Amino acid sequence: VTSEVDAAIETLAHMLPAAAPVPVLGAQYDLGLAWPHFAVGRGGLGLAVEHSREVRTRLRTMGMPVTRAGFVGLHQASALIHDVGSEQDKDRYLRRIFTGEDQWCQLFSEPGAGSDLANVSTSAELQGDAWALNGQKVWTSNARHANLALVLARTDPVVTKHQGMTMFIMDMHAPGVEVRPLRQADGGARFSEVFLDNVLTPDSMRLGMPGQGWGLSMHILGTERGGASDVFVVPVDGLLDQWRRRRHLNAPALRDDVTRMWIESIVIRLNSERQQALGDSREAALLSAVAKVATSEYTQRLSSVLAVVLGPEMLVHADYDTALAEDLSPDSAAAKDFATLSPHRLAIRSRAMSIEGGTNEISRNIIGERTLGLPGDVRVDKGRPWRDVARA
Ligand SMILES: Cc1cc2nc3c(=O)[nH]c(=O)nc-3n(C[C@H](O)[C@H](O)[C@H](O)COP(=O)(O)OP(=O)(O)OC[C@H]3O[C@@H](n4cnc5c(N)ncnc54)[C@H](O)[C@@H]3O)c2cc1C
């Protein structure tokens, strides 16, 4: 991209043969090649987002070790800390996120706060110079392996629901944190319930000001939706390969389905290129909501067509216990490449893509209201103090 990038990549290439992954990844951060669009000195070189992607591709092809950092740390916590964290937060967290020395999870959803995330009832009360956190979170990916968490908690129940929340960074090994893994339909256990019982979190681990939690959680979900369109796409080549190998399945109806998937994959790629070319403008944010819906539903359809092509073979390597063992390994914390999942795990895992990071119904509401100018969703609690709103 620039001569500065070429020089940094060359320095890194000299380190590659000998060094262990963490020092190489640390050097990658120091050279500004961790997130090239971040600021200089903070793992980046201040490049445009589309150039950042180009650099990542070059690094991958030259055999850089893959970080063990999970999706939340690598994409969401890093962007939030980079954009709104104090200088001390940036010093403390960014490099260790990238090297995978710290693992992060995101404690947002609760039994009564999923689509209606602003209804969070986990409380945080200031006691001296620490906040006491109490409540229950659910669907927390990577909680089992994480040592740090982003927590959304209610600090003021008297104002409206959106105004009374604050964001914290929390030590997952602090007294009072209990993680209870949930077993999934495919045998795996990638997410957990997390119970917080008087967990003391120093005020220095608050992100942003009290009451700014909603804005910060939208920053996170925006990054998650934006990243999802990249991460969710499983290349169509695997399906084409399997279909070509089974010539006897060349029925017109199935050929039609496979061709449709190929066309969809191209539309998704072109949309993603358009989104990248727009940088981080408002239109790009709207396109990312569209892309999240489109890519999740594309991969779900792709796995359904793959199931027809493979038939009973789909189940040959399906093993409930192997899936659990895979998820228990600390290596499973690393951001997953969905293209590497077995067809069986992909079929079940892809169902969750239209739920995580905000459901596709909610994304369609956002697209309808903000892009198409349709009438807004019904909001019975608008303008009312959170504590006065009836809830189950
Ligand atoms: C794989 C996976 C990983 C996850 N990881 C995390 C994580 O790490 N951290 C975290 O905090 N959360 C996580 N989640 C939780 C996720 O964000 C929530 O599941 C999601 O926001 C939906 O909330 P809910 O499950 O409570 O469903 P609900 O909000 O109860 O929704 C139930 C159904 O009603 C629909 N619905 C609700 N309100 C409306 C409306 N106004 N208009 C139209 N339809 C509506 C929904 O679309 C959905 O179909 C994860 C979820 C999954 C599946």
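**Exercise 1.** Find the residues that ring pairs link into a cluster.

*Solution.* Start with the pairing rule: rings of Phe, Tyr and Trp (its six-membered ring) pair if their centres lie within 6.5 Å. Apply that, and Y29, W35, F38 and F98 come out linked as a cluster. Then count pairs over the structure: there are seven aromatic pairs.

A quick note on the model: it's predicted, so local features need pLDDT of at least 70 and side-chain atom pairs pLDDT 80 or more, while totals for chains, interfaces and linings use all residues. Numbering runs from 1 along each chain as its sequence is written, and side-chain values use heavy atoms, with hydrogens and water left out.

**Exercise 2.** Classify the pair Y93 and W104, and say what it ties together.

*Solution.* Planes under 30 degrees apart count as stacked, over 60 as edge-to-face and the rest as tilted. The Y93 and W104 planes sit at 80°, with centres 5.5 Å apart, so call this pair edge-to-face. Next, place the residues: Y93 is in helix α5 (residues 87–99) and W104 in strand β1 (residues 104–107), so the pair ties together parts eleven residues apart in sequence. (Helices, H or I of at least four residues, and strands, E of at least two, are DSSP runs numbered from the N terminus.)

**Exercise 3.** Are Y93 and W104 buried or exposed?

*Solution.* Buried means under 20% relative accessible area, exposed over 50%, partly exposed in between (1.4 Å probe, protein chains only). Y93 has 3%, so it's buried; W104 has 1%, so W104 is buried too.
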